[in-house]
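Here are some notes to read beside the model, written for someone meeting a structure of this kind for the first time. Please keep the 3D view open and look for each element as it comes up.

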Amino acid sequence: MTNEFELFEVREPAIQTIPFVYNSPHSGRRYPSSFLDESRLDDVSIRRSEDHFVDELFSAAPGLGAPLLVAHFPRAYVDVNREPYELDPRMFSDPLPPFANSNSARVAGGLGTIPRIVAENMEIYERRMPLSVAMDRIESCYKPYHACLRRLIARTHAMFGFGVLIDCHSMPGNIRVAGSGLKPDFIVGDRYGTSASADLSQAALQFLEELGYTAVRNKPYAGGFITEHYGRPARGLHALQIEVNRSIYIDEARLEKRADFDALAGSIAVFMQQMAGFVADYAIDQALAAE
């Protein structure tokens, strides 16, 4: 792919003291020059699908004793919150391999592993690309990223006998909960109860609400591939997706931080600390219940 920059990094605590892994897969903002040359979009428009500064909002993780995995490559380049081969045949000059999934709703919406659009339905590319370009991005970015995430989760589970993955994202400010008109500040996604225990989800909602935010569960975002793939509550591996409403911390037109950015990051740090405390008690309760 590219040697222009480090693809991702793990921000490690001095010692991991809590059974959490934090992950920011969509906050990458280092754009390969070759990719920008291929794109039809300007330098601001190409950034519309970033989870802007989410890695900074959750930057307290290492200080609390948990690793934070951060992508530096942008979501518009390759999306690691997808299956490895969710590919749109309309994007390529070659036929797709038989193992590709070209029928998912995400592909139909232009948001496969190699996205066709950024937010607001803006096409990224002028023309079709060779399939080899997609395969190179998957081999050089997607697979190493997931290998790293798997290692962090496996290490955490081995250390504590229990693990919680928090997948950190942001959402457009115009998102509403269907049927209510509510504009939530946060959405907690647990794949409708399959990726994490209901107790964990309810605790997350309660802590956010106590901090003064509106928070809902699974509507309209229940979690993507990462939450679904890594959450195995029956094995003591829980995965929650946390979506933060961008309008509460950035100017969405200029993609610049608002004055209250640091205050929100402080609130999220409190939330993370509360979650760690809850999980410490929860793990003990679960261990006692199993005896």
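Predicted model: local features only at pLDDT ≥ 70, side-chain atom pairs only at ≥ 80, totals over all residues.

1. Taken as a whole, the open sheet is formed by seven strands in the order β1-β3-β2-β6-β9-β7-β8, and their pairing is mixed. The edges are held by β1 (8–11) and β8 (215–217), each of which has a single partner strand, so one side of each is left without a neighbour in the sheet. From one strand to the next, the twist averages 20 degrees.

2. Helix α5 (residues 131–160) packs on the sheet, where it touches β1, β2, β3, β6 and β9, and its direction makes about 160 degrees with that of β2. Helix α6 (residues 198–210), for its part, lies across β6, β7 (186–189), β8 and β9, and runs at about 165 degrees to β8.

3. The largest pocket has a volume of about 570 Å³, and of the 28 residues that line it, the closest to its centre are Arg-75, Arg-82, Leu-111, Tyr-221 and Glu-243. Two or more lining residues come from each of β4 (117–118), β6 (163–171) and β9 (237–245), with β6 giving the largest share, three residues.

4. What kinds of residue make up the lining of the largest pocket? They divide into 10 nonpolar, nine polar and nine charged.

Technical notes:
Residues numbered from 1 in each chain as written. Heavy atoms only, no water. 1 Å grid on protein atoms, 1.4 Å probe; cavity = no way out; pocket = protein on both sides within 12 Å on 5 of 7 lines; lining within 4 Å. Points joined across faces, edges and corners; volume = space filled by probe spheres on them. Helix = DSSP H or I, 4+ residues; strand = E, 2+ residues; numbered from the N terminus. Nonpolar A, V, L, I, M, F, W, Y, C, P; charged D, E, K, R; others polar. Pairing = 2+ DSSP bridges. Axes fitted to C-alpha atoms, helices over the stretch in contact; angles between N-to-C directions. Contact = heavy atoms within 4.5 Å.
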